[in-house]
Amino acid sequence: MNQQTADNMAPLTRAMLTVCVMMATVMQALDTTIANVALPYMQGSLSTTQDQINWVLTSYIVAAAIMTSPLGWLATRVGRKKLFIVCTAGFTVASMLCGIAQSIEEMVAFRLLQGVFGAALVPLSQAVMLDAYPPARRGSAMAIWGMGVMLGPIMGPTLGGWLTEYYSWRWVFFVNLPFGILTVLGLSAFMSESPVRRDVPFSWFGFLSLSLGIGALQMMLDRGQDLGWFGSGEVVAEAILSVVGFYFFLVDSTTSKRPFVAVRIFRDWNFSVALVFMFIIGIILLATMALVTPFIQNLLGYPVLASGYLLGTRGVGTFFAMMLVGRLLGKYDARILIFIGLVLSTASLWVMVGWTTDTSATTIAIYSVIQGVGLGFVFVPLNTIAFATLPGALRTEGAALWTLIRNIGSSVGISIVIAQLTNMVTTYHSQLVEHVTPFNDAMRLPDAVTIAGQSLGTLARLDGLVTQQAAIIAYSNDFLLMTFVSLSAFPLLALIRAAKSAPAPSGQGHSAAAAME
């Protein structure tokens with residue numbers, strides 16, 4: 001789709017194409033967060049442990065991260081329209097398969113498939129929006145597209161809670177069916193094909209080695225808690241495969257004539273520092289939500305719909321912060337805005353350390369909004385700093401790497417905090433039980449439950465109380481860990497240099513999607 005096509009496109013065709021593209025955008029953005037609120041229900045239905053059910057999140061993120069990288073090559077090789085239609089149809093079918101999954105193995109496999117097809121939806125939708133509108137209207141087009149992307153964190157938990165409450169957790173996935181069908185039909189009718197080139201090179205060796213490194217690392221993190229970490233031969237093998245994969249990826253990057261990721265991209269100091277920064281923010285982004293969801297539902301006993309509303313408040317904070325920070329960027333140094341965002345995010349995490357079963361819904365909502373505002377103040381300025389001095393020829397690779405690092409941070413963060421939570425609940429439970437004896441003075445209080453001569457039901461209630469207290473301590477320690485992760489980003493601010501050139505204007509974009517033209 002060239003510039004002349006955009007100028008000559010009929011208003012009705014452009015409007016219908018925008019609707020179809022935005023449906024794909026919202027559908028993919030929703031599925032990043034919509035499953036969070038339904039995880040405890042999936043856990044019961046699929047008979048899994050808490051750390052296993054989080055594979056539903058990490059498998060999707062990892063698959064999407066890996067498949068983001070070759071999108072530019074695929075779009076050029078087979079055509080953007082064909083790729084968009086195939087990925088939308090594949091995403092819809094994978095969603096249906098997730099909805100009918102009967103075991104955790106099936107669910108993880110189908111979520112992987114969903115992530116593979118879903119990786120293309122947001123980048124391709126941005127590219128199509130840029131092509132469909134002339135330069136004078138691309139700013140408005142990106143505003144519409146950005147609103148669609150931001151609807152995911154806001155609507156995902158709320159819609160997921162509503163569907164789970166009144167129907168079933170399976171409808172979290174079934175809801176994609178009508179939108180997927182309409183999107184495929186609309187793209188077929190209103191979207192024109194982009195030029196196809198068969199001679200575009202692609203480093204399959206670099207792509208496959210990176211995929212091996214990331215996949216094996218994620219398997220190690222997900223399976224390590226169950227198998228005893230490096231006491232297990234499987235975990236050791238996965239660690240070795242991960243090291244081998246990353247080693248060959250590094251070899252490809254430094255020795256190949258056409259590497260998968262060009263080493264020269266890291267010569268841009270701000271981009272390199274921003275990548276480390278984004279990895280840390282990626283950890284905070286979804287790992288915190290993976291902790292708050294079971295805390296609200298399992299410990300506080302909130303119904304799924306109420307927990308969906310509470311989880312959605314963070315997205316509301318992020319939405320308004322990103323609208324505000326866009327106007328502040330031209331007036332203030334981006335590093336100051338990032339500092340403000342980090343302070344807000346860190347402060348909210350520090351408050352979460354003190355959350356107990358007495359914490360009110362109002363408190364949760366207030367600090368979730370504060371954390372969302374903090375993340376919003378970090379995202380936009382950090383994106384601007386990362387790409388402000390990066391040469392235009394490297395923006396495609398840079399944007400793919402940017403998304404990859406963020407997704408890896410999110411998946412690694414979820415795996416670590418959930419493994420840590422599971423381990424600490426067991427550890428603290430065993431420590432607390434040691435003090436529950438008839439000889440403990442606390443057990444002699446009038447309202448205390450004594451052990452001697454009690455029924456099995458009373459002992460079960462006592463064990464439940466001990467488990468609850470162990471879980472509160474475990475969550476507190478996990479939130480403290482996340483606080484330290486957030487604090488670790490502050491020194492990186494001192495490494496960021498003042499940008500000498502302005503950020504790329506709307507229409508060039510800061511993602512791989514914008515470069516697929």
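Here are some friendly notes on the model above, point by point.

1. Ground rules: this is a predicted model, in which local features need pLDDT of at least 70 and side-chain atom pairs count only at pLDDT 80 or more, while totals for chains, interfaces and linings use all residues. Residues are numbered from 1 along each chain as its sequence is written, and side-chain values use heavy atoms, with hydrogens and water left out.

2. Salt bridges: searching the whole structure gives 1 salt bridge (a side-chain nitrogen of Lys or Arg within 4 Å of a carboxyl oxygen of Asp or Glu). The partners are Arg335 and Asp333, at 2.8 Å from N to O. Arg335 is partly exposed at 25% relative accessible area, and Asp333 is partly exposed at 32% (buried is under 20%, exposed over 50%, partly exposed in between, with a 1.4 Å probe and protein chains only).

3. Nonpolar patch: a surface patch with about 910 Å² of accessible area together includes Phe205, Trp229, Ile240 and Phe248. Its members have over 30% relative accessible area and no salt bridge, with nonpolar side chains (Val, Leu, Ile, Met, Phe, Trp, Tyr) joined within 5 Å; areas come from the Shrake-Rupley method with a 1.4 Å probe, and only the protein chains shown count as cover for residues. Helices α13 (204-227) and α14 (233-255) each give two or more residues, and α14 has the largest share, with 6. Ile240 sits in α14. Helices here are DSSP runs (H or I, at least four residues), numbered from the N terminus.

4. Cysteines: the whole structure has 0 disulfides (pairs of cysteine sulfur atoms within 2.5 Å). Cys20 is buried at 5% relative accessibility, and Cys87 is buried at 7%.

Methods. Patch = residues over 30% accessible without salt bridge, like charges linked within 9 Å, V, L, I, M, F, W, Y side chains within 5 Å.
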